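This report examines a single structural model. The sequence and coordinates are shown below for reference.

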Amino acid sequence: MMPDAIFGYLLAGSALVLFACGTLVTQAAAQRIDLGLGFLIATTINVVFAALVLGVQLALRAQPLEWNAQALWLFVIAGGFSTYLGRWFFYESVVRFGPTRASVFQVSSPLFTALVAWLVMGESLTLQSLAAVALTIAGLILVSSTPNHSIAKVPPKIEPTPSAVAAARLASLKHYALGSVLAMGLVSSLAYAIGNVLRGAAIRAWNEPVLGALLGALAGLGLYFIFSRDKAALLQRLRRADRQGVLIFTLLGVTTIMAQIFTIASMRYIPVAISALVTLCSPLLVFPLSYWLFKNSDRVTGRTVLGCALALSGIAMIVLR
């Protein structure tokens with residue numbers, strides 16, 4: 001019989017490989033079809049694939065499904081943070097800044113997980129933890145400060161009126177938020193961290209990782225439809241979409257839901273923060289594969305590698321203390 005911890009690490013490692021593959025193909029897929037439509041395709045496939053796996057699981061196992069209302073809602077809320085907010089900001093950061101730089105910020109999620117546990121659950125932060133926070137932030141800032149020449153510069157403003165000044169400030173804030181790898185990456189990581197904490201609490205009370213992943217995907221898909229502005233044109237856009245792009249986002253949907261199932265299942269056997277550390281260390285795979293596949297078009301520099309090393313060191317300090 002395999003020890004529980006080793007089984008948990010194998011599940012988390014499998015999720016890591018799937019997350020890294022998804023990161024690499026996201027940029028290529030978004031070049032073929034609109035990112036919002038791609039998000040819809042991937043999340044819909046999340047729901048369909050998870051439902052199929054759940055059906056097979058229920059047909060093969062002997063014990064009936066027992067419901068836990070509290071854990072059910074934790075999975076649903078976690079899906080809102082991870083599947084909707086976290087994934088949307090992560091997809092945007094991959095498209096805008098490349099898979100290498102975007103993936104670095106995913107590994108900061110365990111750091112936020114520890115901070116959320118400190119704020120919500122009252123866990124203490126030691127001097128080592130504070131030093132790890134500073135080290136991780138330094139690494140993320142180093143990565144985010146790498147020049148990205150693909151981002152268009154804001155044109156100079158013309159003789160502002162009072163109303164134009166207010167509009168310009170709002171536009172500048174929006175431009176910064178969408179043009180800053182640091183801002184988008186940290187929002188994505190924080191959303192994933194909250195989702196991890198909620199899923200970790202849910203899986204300990206209700207050992208249903210497949211159903212938990214399905215509930216999260218349904219929550220993400222529901223939020224997309226609630227906040228989407230062009231629902232009426234979705235079918236028309238889907239008909240006109242590039243077939244290869246649709247196929248890539250379909251495969252991306254399968255890999256992401258499998259990764260989520262493995263991640264949730266691993267939290268049953270190893271600590272949540274450790275699971276998050278393993279599953280989100282995608283730069284360890286993304287960096288060399290991105291350099292090889294894209295011929296360094298993602299601009300992997302010495303500063304990027306150093307920043308990633310600092311961030312990983314800080315995260316390892318805080319979750320392995």
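The model is predicted.

**Aromatic pairs**

The count of aromatic pairs comes to seven. One of them joins phenylalanine 75 and tryptophan 206, a tilted pair with 6.3 Å centre to centre and 45° between the planes. Phenylalanine 75 belongs to helix α3 (residues 69–97), whereas tryptophan 206 sits in the loop between α8 (181–205) and α9, so the pair ties together parts that are 131 residues apart in sequence. Phenylalanine 75 counts as buried, at 0% relative accessibility, and tryptophan 206 counts as buried at 6%.

A second example is formed by tyrosine 224 and phenylalanine 225: the ring centres are 5.8 Å apart and the planes stand at 80°, so this pair is edge-to-face. Planes over 60 degrees apart fall in that class. Tyrosine 224 is buried, with a relative accessible area of 9%, while phenylalanine 225 is partly exposed at 34%. Both residues belong to a cluster in which ring pairs link Phe39, Tyr84, Tyr224, Phe225 and Phe227.

**Accessibility of the residues discussed**

| Residue | Relative accessible area | Class |
|---|---|---|
| Phenylalanine 75 | 0% | buried |
| Tryptophan 206 | 6% | buried |
| Alanine 213 | 0% | buried |
| Tyrosine 224 | 9% | buried |
| Phenylalanine 225 | 34% | partly exposed |
| Arginine 303 | 39% | partly exposed |

**Helix α11 and its start**

Helix α11 comprises 24 residues (residues 243–266). At 1.5 Å a residue the helix should span 34 Å, and its end C-alpha atoms are 35 Å apart, which agrees with that expectation. At the start of α11, the backbone nitrogen of glutamine 244 has a side-chain oxygen of aspartate 242 within 3.1 Å.

Alanine 213 is located in helix α9 (residues 209–227). Its relative accessible area is 0%, so alanine 213 is classed as buried. Leaving aside residues up to four places away in sequence, alanine 213 touches Ile257, Gln260, Ile261 and Ile264.

Arginine 303 is part of helix α14 (residues 302–319). With a relative accessible area of 39%, arginine 303 is partly exposed. The C-alpha atoms of arginine 303 and glycine 139 are separated by 9.3 Å, and the two residues are 164 residues apart along the chain.

Key: Residues numbered from 1 in each chain as written. Predicted model: local features only at pLDDT ≥ 70, side-chain atom pairs only at ≥ 80, totals over all residues. Heavy atoms only, no water. Helix = DSSP H or I, 4+ residues; strand = E, 2+ residues; numbered from the N terminus. Expected span 1.5 Å × (residues − 1). Polar contact = N/O pair within 3.5 Å; in protein donor to acceptor, adjacent residues only side chain to side chain. Buried < 20%, exposed > 50% of the residue type's maximum accessible area, 1.4 Å probe, protein only. Contact = heavy atoms within 4.5 Å. Phe/Tyr/Trp six-rings, centres within 6.5 Å; stacked < 30°, edge-to-face > 60°.
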